[in-house]
Amino acid sequence: MSPTIEELRSELHYLNHAILKLLNRRARVVTDVLDVKRNENIPLYVPQREMEMIRDLVGQNSGPFSDDTIRHLFKEIFHASVGLMEDRSAGAMRTSRAFHLTDQVIELGTERLGGDRPVLVAGPCAVENEDQMDIVARGLSSAGVSILRAGAFKPRSSPYSFQGLGVEGLKILRETADRYDMRVITEVMDTRAVEIVGEYADVLQIGTRNMYNYDLLREVGRQEKPVLLKRGFSATIDEFLASAEYIVKEGNERVILCERGIRTFERQTRNTLDISAVPILRRMTYLPVMVDISHAAGRKDILAPLGRAALAAGASGLMVEVHPFPAVARSDSQQQLDLDEFRHFLEQLGPLEKVGSKRPLLISGNAETCSAAQPLDH
Ligand code: PEP
Ligand code: MN
């Protein structure tokens, strides 16, 4: 005897409920997948995987629905799942580890920043003249340093202090570096100067005071050279990463994050080196992390232990200020090492490959727990 319309309707009703339960069960599995992916640093979206699932389902299809209809229905289900993932990961940024399996490595000449061996960046606070630059570059180069730092545009607390030599400084810096086959990192303070600084520098530095200068961040995001972004002296780690996001979002993924100390009540040091920022940043992003120990300390006598701590915590490199004659330096004279002191510092630091932490600092657990609960914009 064939079933009655009531029986058929009741069966449809039952099946609808079963499908609803299964759909929501599937959605829960999708969110579990999201959590596993985040913990294991697997990219969130893998389009091939969706195609494989559709192919498998169509292969299993024995009708009466056509293959096209099955494709259409499951695509809708997958689409809804992606929406669910996006809702859950709202705030997951492009600088996040979730988007990259491997660490970013930035090649600068023979050095690989973010690679196995920690990198040293050294040089005076500011370009002052040709002799000063030549002496320091020669000394640094013979000590094995191949990346030279020096400011041509100096952000100074007082408008009456030395503001840097500007474009003339860029020229001296480039010519000196070329003479010793060194790469150059120098600060850019103004959107209007990005182009000219880019002509002379290998890496554009954004200083601590400009970490919140979003126009400048966007501008350096639109050009080709790698960017060294300093953490704002009162910026949270989330704000720091949000600034890096501005650069990456414009298309420039070659960003180096630089912890340089934050302002606290402590007066023994110029800033307080936030060493925990290093493993936290390593955990949250794939970008290389450097530590500027000179601006953090503001003094020279504790640089070796700070450098060792930074490298042990997972920093990919150190920045140190070195001047041939610190006593007469036109800026930051109290914190710059002379060349002898720098060589002594290197001895105290020990062999870089030994001090540095080669192991990727991927700790199991959810990286999300590292970020503050409050929203970024406030
Ligand atoms: C610098 O590195 O020259 C500098 C000014 O550093 P910060 O922006 O970290 O103070
Ligand atoms: Mn300085």
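Predicted model: local features only at pLDDT ≥ 70, side-chain atom pairs only at ≥ 80, totals over all residues.
Which residue follows α5, and is its phi positive or negative?

Analyst: The residue that follows α5 is D181, and its phi is positive, near 55 degrees. Residues are numbered from 1 along each chain as its sequence is written, chains are lettered from A and ligands numbered from 1 in the order in which they are written, and side-chain values use heavy atoms, without hydrogens and water.

The helix itself, α5, covers residues 167-179 (helices are DSSP runs of H or I with at least four residues, strands runs of E with at least two, numbered from the N terminus). From first C-alpha to last, its 13 residues reach 18 Å, close to the 18 Å expected at 1.5 Å a residue; the expected span is 1.5 Å times one less than the number of residues. Its buried residues are G169, L170, I172, L173, R174, T176 and A177 (buried is under 20% relative accessible area, exposed over 50%, partly exposed in between, with a 1.4 Å probe and protein chains only). Among the elements that cover these buried residues are α4 (130-142) and β4 (147-149), as well as β5 (183-187) and α6 (194-200); contact means heavy atoms within 4.5 Å.

D181 sits in the loop between α5 and β5. It is a residue other than glycine with a positive phi. At 55% relative accessibility, D181 counts as exposed.

D332 is another residue other than glycine with a positive phi, near 45 degrees. Its place is the loop between β10 and α12, and at 13% relative accessibility it counts as buried. D332 is also a ligand of the manganese ion (ligand 2), which is coordinated by C125 (SG), H295 (NE2), E321 (OE) and D332 (OD) at 2.0 to 2.4 Å. Donors are N, O and S atoms within 2.8 Å of the metal (3.2 Å for Na, K and Ca), and water is not among the atoms, so sites may look incomplete. Along the sequence the donor residues are spaced C-x169-H-x25-E-x10-D. H295 lies in helix α10 (residues 293-297) and D332 in the loop between β10 (317-321) and α12 (339-349), so this pair ties together parts that are 37 residues apart in sequence. H295 is buried, as is D332.

Elsewhere, R55 belongs to helix α2 (residues 47-60) and is exposed, with a relative accessible area of 54%. R55 and D67 are twelve residues apart in sequence and 9.7 Å apart in space, C-alpha to C-alpha. In the loop between α2 and α3 (67-88) lies P64, and the peptide bond from G63 to P64 is cis, with omega near 5 degrees.

For the protein chain as a whole, there are 13 helices and ten strands, and 46% of the 378 residues count as buried. Of the contacts between residues at least 6 apart in sequence, 70% join residues at least 24 apart. The C-alpha atoms fill a box of roughly 105 × 40 × 35 Å along the principal axes. Mean pLDDT is 91, and 91% of the residues reach 70 or more. Over residues 363-378 the pLDDT is below 50, and this stretch has 19 contacts in the model beyond near neighbours in sequence.

Notes:
pLDDT = per-residue confidence, 0-100.
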